Amino acid sequence: MTKQKITSSEALAFHLEPTPGKWEVQATVPMTTQRDLSLAYSPGVAVPCEAIAENPELAYDYTNKGNLVAVISNGTAVLGLGNLGALGSKPVMEGKSVLFKRFADVNSIDLELDTEDPDEFIKAVKLMGPSFGGINLEDIKAPECFIIEQKLKEEMDIPVFHDDQHGTAVICAAGLINALHLSGKKIEDVKIVLNGAGAAGIACIELLKAMGARHENCIVCDTKGVIYQGRTEGMNQWKSAHAVATKLRTLEEAMEGADVFLGVSVKGAVTQDMVQAMADDPVIFAMANPDPEITPEEAHAVRPDAIVATGRSDYPNQVNNVLGFPYLFRGALDIHARAINDEMKIACAEALAELARQDVPDEVAMAYGKTLSFGRDYIIPTPFDPRLIHMIPPRVAKAGMDTGAARRPIIDMDGYELSLKSRMDPTANVMRGIHARARKAQARMIFAEGDDPRVLRAAVQYQRSGLGKALVVGREPDVKEKLEAAGMADAVRELEVVNAANTRHLDQYKDFLYQRLQRKGFDRHDVHRLASRDRHVFSSLMLAHGHGDGLITGATRKSAHVLELVNHVFDADAANGAVGVTALLNKGRIVLVADTLVHEWPDEEDLATIAERSADVARHMGLEPRVAFVSFSTFGYPVSERATKMHVAPQVLERRGVDFEFEGEMTVDVALNPQAQEAYPFQRLSGPANILVVPARHSASISVKLMQEMGGATVIGPILAGIDNSIQICSTNSTANDILNMAVLAACKVG
């Protein structure tokens, strides 16, 4: 993987749009009628209040406490930025909250406390304890973080976890298990050198000792050198606990003959000479961020036998905390744990190590653009491995149950694991898979409307995300001006700007277009004007001649007009089987609606073709197609002439012998609701439909817009399917991210 370049303007825009910040609150119960309000608040709310007051454990049943974690900081050690204060830390804490939700479906709220006094901090957190099922401390400087965490653990009856310490320690431990496995060494025998005696470093060495590393084999160093028995300078009680009887005084001396180096310090702290002096098959975890103590290239130059991990995503073996904290809390919350203890952390580390030794799913390998298999460059799983959610929490929960940390043990562990598999939002996996395929394809994407800032932002993101080459159609001065106005002046040198004036292929394009249009009322002058002045036609001609692999257009003109222009170059109309399919992503479900672009009033044959094209799109998105022909009637009732074609279309598919599920005609609730389907035991769908074929384009448009505005659905499309070339037409209200999504679909040839 290459490290993705992110500009300040992109980062600020991401946090500003579509609404400021990164999360919002939504109700999980209906709040529409007076009765709803009476149940949610007064007088109905009094009943659970009294029940909880009598039995506090019922708070886990009647409130969100059991799936709610507070991410709390005072901003004294924000990432690698130092003391930014409570408010300055809020974007990071919001980010941590959304990671909890994204990776483990844990609800989380960020809280920034404006104090550097440990006692005040401890009191504030303790007073909020009844609200939460767990506390995640974040970005608090040492040694205060040790004091705060220890005191809160003693005084609170819910898990308190400082991720900067223990999250790093857990992932480090997981990687070390596998590194020692590969090098044929045992943890109780190896000499370990730690450089960096702050929060993360102390937690790492303590966890490794809990796993069997011997105290006398562990040398801890800080900026003053080795922490040895009798040292007084720069010491505190946490460092003193790891002082050893040794004559070693410097990191360089300590590294001689060491089997393992753990670094949570600063860039360049380790030299090649130090690495050269280590034992055979040395293990080097250079975890300083953003730059490691020594780079993998530098280490391997002198020790090809070294196993190297860093904290960076652009090197193999990333020590990434997101592999740990979401799943630790998921398991802890699900047993209503009183704490996250060492046994639970070790269980998490062992499960992560075991996962890395298993075969890697294709979608994970594709996301990283290479084959991944257990070995020296793959000792830690990747954050996007879909198995993490159902492999790690059960091990954590079992360890909590075995050690008495559980208030409510899980009886059916198999059922628990199954529930975890189905818990996560499948839409995230679908989009991640599509992005992975696009990254592998490395398509040259033509962005037709280079005078629009949204299109330019999407083009820059496409290229900087490593998806492929962005070709922007426009005048170079205009593109430069728009990029500068959008705060992306540095992107001018990156994008390739194309137009009729700077291409040597214009005559070839015009000859091709004249051959297509000469019998459709267009003369040479018309063709010249279209090819040289209309960006939609020019871009289509580029694609037709192989001067790009995909085309994105439509952001500035109505889709029907754009489709008409594209049709000058391609056969992208109803007569030639073109179809528009729109994907709706909402509350963990994906439903495709068709036709939303091409067919105005399709007949039964057209409807069957629409279903086939939609099934192709579904499979490209990783879905197994289940088609429902929807109407206002279900299986012939009420009788209506307008519903007849929806009744006949499935018969057309039967004659064609298609290889996917289909049924109809039926109302939308029957199509999407398994309980409603039970009333019709003869129907052929094995579950809720994921493709809705509607009677006409106007009904498709109404359905999509209604879901978008009232249901809050994410809309992708319409996806143009059924033509030989990869063309996607955006809507005029598309955001830069919407345009980027369409480019990703075009790169994957979804359609």
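**View 1. The crossing of helices α18 and α19 is right-handed.** A crossing is called right-handed if the near helix is turned clockwise from the far one by less than a right angle, and left-handed if anticlockwise. This is a predicted model, in which local features need pLDDT of at least 70, side-chain atom pairs count only at pLDDT 80 or more, and totals for chains, interfaces and linings use all residues. Residues are numbered from 1 along each chain as its sequence is written, and side-chain values use heavy atoms, with hydrogens and water left out. Helix α18 covers residues 388–402, and helix α19 covers residues 413–421. Their axes lie 9 Å apart, at an angle of about 145°. Axes here are lines fitted to C-alpha atoms, for helices over the stretch in contact; angles run from 0 to 180 degrees between N-to-C directions. Helices (H or I, at least four residues) and strands (E, at least two) are DSSP runs, numbered from the N terminus.

View 2. Contact means heavy atoms within 4.5 Å. The residues of this contact divide into eight nonpolar, one polar and three charged. Ala, Val, Leu, Ile, Met, Phe, Trp, Tyr, Cys and Pro count as nonpolar; Asp, Glu, Lys and Arg count as charged; the others, Gly among them, count as polar.

**View 3. Five strands form an open, parallel sheet.** The order is β13-β12-β11-β14-β21. Two strands pair if DSSP finds at least two bridges between them. β13 (496–498) and β21 (727–729) stand at the edges. Each has a single partner strand, so one side of each is left without a neighbour in the sheet. Neighbouring strands are turned by 25° against each other on average, direction ignored.

**View 4. Strand β11 runs parallel to β12.** Five bridges join β11 (residues 443–447) to β12 (residues 468–473). β11 is mostly covered, with four of its five residues buried. Buried means under 20% relative accessible area, exposed over 50%, and partly exposed in between (1.4 Å probe, protein chains only).

**View 5. I727 sits in the edge strand β21.** Is I727 buried or exposed? I727 counts as buried, at 0% relative accessibility. Leaving out residues up to four places away in sequence, I727 touches L543, L551, V566, F570 and L720. R464 is 263 residues from I727 in sequence. In space, the two are 21 Å apart, C-alpha to C-alpha.

**View 6. A UniProt "binding site" annotation covers residues in the loop that holds L79 and N83.** The unreviewed entry lists V78, L79, G80, L81, G82, N83, L84 and G85. UniProt positions are given in the numbering used here, feature names are shortened, and annotations may be inferred rather than shown by experiment. L79 lies in the loop between β1 (68–73) and α5 (85–88). L79 is exposed, with a relative accessible area of 62%. Its contacts, not counting residues up to four places away in sequence, are V92 and D139. N83 is found in the loop between β1 and α5. N83 is partly exposed, at 41% relative accessible area. With residues up to four places away in sequence not counted, N83 touches G75, T76 and E116.

**View 7. Two peptide bonds are cis: S42 to P43 and G664 to E665.** Omega is near 5° for the bond from S42 to P43. P43 is found in the loop between α2 (34–40) and α3 (46–54). For the bond from G664 to E665, omega is near -5°. E665 lies in strand β18, residues 661–666.

**View 8. N317 and F635 have positive phi values.** N317 has a phi of about 60°, although it is not a glycine. Where is N317 found? N317 lies in the loop between β10 (307–310) and α15 (325–334). N317 is buried, with a relative accessible area of 5%. For F635, also a residue other than glycine, phi is near 50°. F635 is found in the loop between β17 (626–630) and α28 (644–656).
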